[in-house]
Amino acid sequence: MPELTSILWQRNFTPILMPGRWIRIEPISIWGFYVLPRSATPEFLPPSIVNVATTTTALSAAQDTGELSGRTVKMTNWDVQGGSLAHYRLWAVDAAVAFKIFQPSARAKLDAKNISLTFDKRLTDYALKNDQLNLLPEVFTLEDQTQLFIQGFNMDPDASTNEARIGAVGWRYPLIKINHRALGPDGKPLYPPPNRIPAVTIHIGNKQ
Amino acid sequence: MAAFDLYEEPFAMMVRKKVFVTSANLNFQLTRLPWFWSQGPLSGRITGMHIVNPSGLLVTVRFWDQDLTNGSAPPSRGSGSAQGSLFMVSATASGASGTGQSSTFNVEQMKGFPEMYAGIAVQASDVNVAIFAEVRLK
């Protein structure tokens with residue numbers, strides 16, 4: 001997932017930002033530079049489980065004539081308060097359900113050239129059991145500005161399912177936006193390039 | 001957990017399936033397998049199961065690789081006959097006729113179960129046999 005985190009990509013799920021560090025959020029034309037102020041700290045977001053199906057809306061059984069459209073939900077539960085960035089790692093709770101991530105709704109993440117890839121419990125169980133948390137799919141949400149959609153597909157050809165749960169655990173970074181083009185009283189850039197080297201660059205996506 | 005750990009293969013997952021055999025020696029499908037999945041076919045094998053035979057008779061259960069509902073599935077391998085089956089178990093008879101009997105097969109006993117690609121089909125030698133299986137997909 002090269003678009004996600006450029007550095008500080010570590011084996012364990014550690015915060016990618018510490019107080020005083022800058023982050024560059026792409027596309028820069030929409031988002032820009034932010035800083036985690038020295039007066040704040042990353043806050044842990046405990047596990048949050050969302051069912052892409054419902055007790056009354058099942059995901060149809062997988063069909064050998066082709067993949068069904070599945071069911072898509074907008075993950076507003078994973079939005080965070082104004083001025084915050086959330087950083088999640090995802091895992092599949094239920095077996096035989098595949099998930100696709102969209103952000104915004106028309107833009108699939110995990111996309112290869114010919115197919116936008118799904119992930120399921122095969123990958124995420126392996127990552128969790130083997131302490132390879134870096135293999136868990138990762139998403140970011142900036143406040144409630146970057147709408148995240150998860151699409152669930154039933155992989156079971158035998159029966160429909162009402163359980164298509166996906167979990168997320170993560171970090172919330174309180175941020176302050178920086179006007180990186182601001183000029184000082186002397187007319188020179190307040191943050192000339194050497195001073196605006198971010199700790200990390202992430203790509204979120206367009207606004208909806 | 002030790003036995004379960006044997007089947008913590010990389011990039012595999014477990015599903016639970018059941019089939020109720022309503023006719024002796026006829027074909028039933030324990031599970032179809034997602035051989036058509038767009039991101040690559042998944043194969044499966046049983047890693048543990050529980051067989052219940054309410055009649056209490058000794059019952060043999062035979063497994064082979066076939067998707068019984070689709071002719072364009074991967075080619076079937078094996079058949080429901082004793083000679084053609086790819087895996088077979090005998091579930092224990094109960095001591096008293098008419099007394100239901102259940103038999104459990106753990107991961108060690110299922111070691112010879114082959115990887116199946118189209119579906120897991122089953123025949124049982126007695127009627128009203130219930131099979132509850134843990135199937136590993138990968």
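In this predicted model, chain A contains an open sheet of 4 strands, arranged in the order β3-β9-β5-β7 and paired in antiparallel fashion. The edges of the sheet are taken by β3 (43–51) and β7 (138–142) of chain A, each of which has a single partner strand, so that one side of each is left without a neighbour in the sheet. When direction is ignored, neighbouring strands of this sheet are turned against each other by 25 degrees on average.

Turning to the contact between the chains, 17 residues of chain B are in contact with 18 residues of chain A. On the side of chain B that touches chain A, β1 (13–21) and β2 (28–32) of chain B each supply at least two residues, and the largest share, 3 residues, comes from β1(B). By residue class, this side of chain B divides into 10 nonpolar, 4 polar and 3 charged residues.

As for the confidence with which chain A is predicted, its mean pLDDT is 88, and 92% of its residues reach 70 or more. Residues 6–10 of chain A, however, have a pLDDT below 50, and this stretch has 7 contacts in the model beyond near neighbours in sequence.

Definitions and conventions
Residues numbered from 1 in each chain as written. Chains lettered and ligands numbered in written order. Predicted model: local features only at pLDDT ≥ 70, side-chain atom pairs only at ≥ 80, totals over all residues. Contact = placed C-beta atoms within 7 Å. Nonpolar A, V, L, I, M, F, W, Y, C, P; charged D, E, K, R; others polar. Pairing = 2+ DSSP bridges. Axes fitted to C-alpha atoms, helices over the stretch in contact; angles between N-to-C directions. pLDDT = per-residue confidence, 0-100.
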